[in-house]
Amino acid sequence: DDAYLRGFAKAASASGGPVFLRWASEMNGTWTAYSGNPWLYRTKFRLVARVFRQEAPNVAMVWTPYCTPRGPIPDYYPGDDAVD
């Protein structure tokens, strides 16, 4: 949680329309810098979701894993309360 994230959330709120935020998608793919640590990914996704819920209620958080490998997909799920 920092000024950059809150500023981005406030800008999304100021858009006045619905926004779908696909943050850090395909996290289960090895080509992403944020793969390999499901706990850290879930923690950061939840942080981003919390800030956007506070600052930009018009933003829906989209969780989009890559279709394969299927095995680690559930490990990265941040929870129903963080995903719209």
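A: Happy to; what follows goes through a helix, the ring pairs, one asparagine and the salt bridges.

Q: Great. What should I know about the model before we start?
A: This is a predicted model, where local features need pLDDT of at least 70, side-chain atom pairs count only at pLDDT 80 or more, and totals for chains, interfaces and linings use all residues. Residues are numbered from 1 along each chain as its sequence is written, and side-chain values use heavy atoms, with hydrogens and water left out.

Q: Okay, helix α2 then. Which of its residues are buried?
A: Those are Y41, F45, V48, A49, V51 and F52. Buried here means under 20% relative accessible area, exposed means over 50%, and partly exposed is in between (1.4 Å probe, protein chains only). Helices (H or I, at least four residues) and strands (E, at least two) are DSSP runs, numbered from the N terminus.

Q: Where do they sit around the axis of α2?
A: They cover an arc of only 165°, which puts them on the same side of α2. The arc is taken from the directions from the helix axis to the C-beta atoms. As background, an α-helix has 3.6 residues a turn, so residues three or four places apart point the same way.

Q: And what do the buried residues of α2 pack against?
A: They pack against α1 (3-14), β1 and β2. Contact means heavy atoms within 4.5 Å.

Q: How does the span of α2 compare with what its residues should give?
A: It agrees: the 18 residues should span 26 Å at 1.5 Å a residue, and the end C-alpha atoms of α2 are 26 Å apart. The expected span is 1.5 Å times one less than the number of residues.

Q: Switching to rings. How many aromatic pairs are there?
A: The count comes to eight aromatic pairs. Rings of Phe, Tyr and Trp (its six-membered ring) pair if their centres lie within 6.5 Å; planes under 30 degrees apart count as stacked, over 60 as edge-to-face and the rest as tilted.

A: One of them is W23 with Y41, a stacked pair at 6.0 Å centre to centre with 25° between the planes. This pair links distant parts of the chain, with W23 in the loop between β1 (19-22) and α2 (38-55) and Y41 in helix α2, 18 residues apart.

Q: Is Y41 buried or exposed?
A: Y41 counts as buried at 4% relative accessibility, while W23 counts as partly exposed at 27%.

Q: What about W63 and Y77?
A: Their ring centres are 5.0 Å apart and their planes are at 75°, so the pair is edge-to-face. Both W63 and Y77 are in the segment after β2 (59-62), 14 residues apart. W63 is buried at 17% relative accessible area, and Y77 is partly exposed at 30%.

Q: Which residues do ring pairs link into a cluster?
A: W23, Y34, Y41, F45 and Y76.

Q: Now N28. What does its side chain reach?
A: The N28 side chain reaches the backbone oxygen of P69 at 3.2 Å. A polar contact is a pair of N or O atoms within 3.5 Å; within protein, one must be able to donate a hydrogen and the other to accept it, and residues adjacent in sequence count only if both atoms are side-chain atoms.

A: N28 lies in the loop between β1 and α2 and counts as buried at 6% relative accessibility. Leaving out residues up to four places away in sequence, N28 touches P65, Y66, T68, P69, P72, I73 and Y76.

Q: Last topic: how many salt bridges?
A: The structure holds six salt bridges, each a side-chain nitrogen of Lys or Arg within 4 Å of a carboxyl oxygen of Asp or Glu.

A: Among them, R6 pairs with D1, with the closest N and O atoms 2.8 Å apart. The side chains of R22 and E26 meet at 3.6 Å, N to O.

Q: Where are the partners D84 and R53?
A: D84 is in the segment after β2 and R53 is in helix α2, 31 residues apart. Their closest N and O atoms are 3.3 Å apart. D84 is exposed at 59% relative accessible area, whereas R53 counts as partly exposed at 33%.

Q: Which residues are joined by salt bridges that share partners?
A: D1, R6, R50 and E55 are joined into one network that way.
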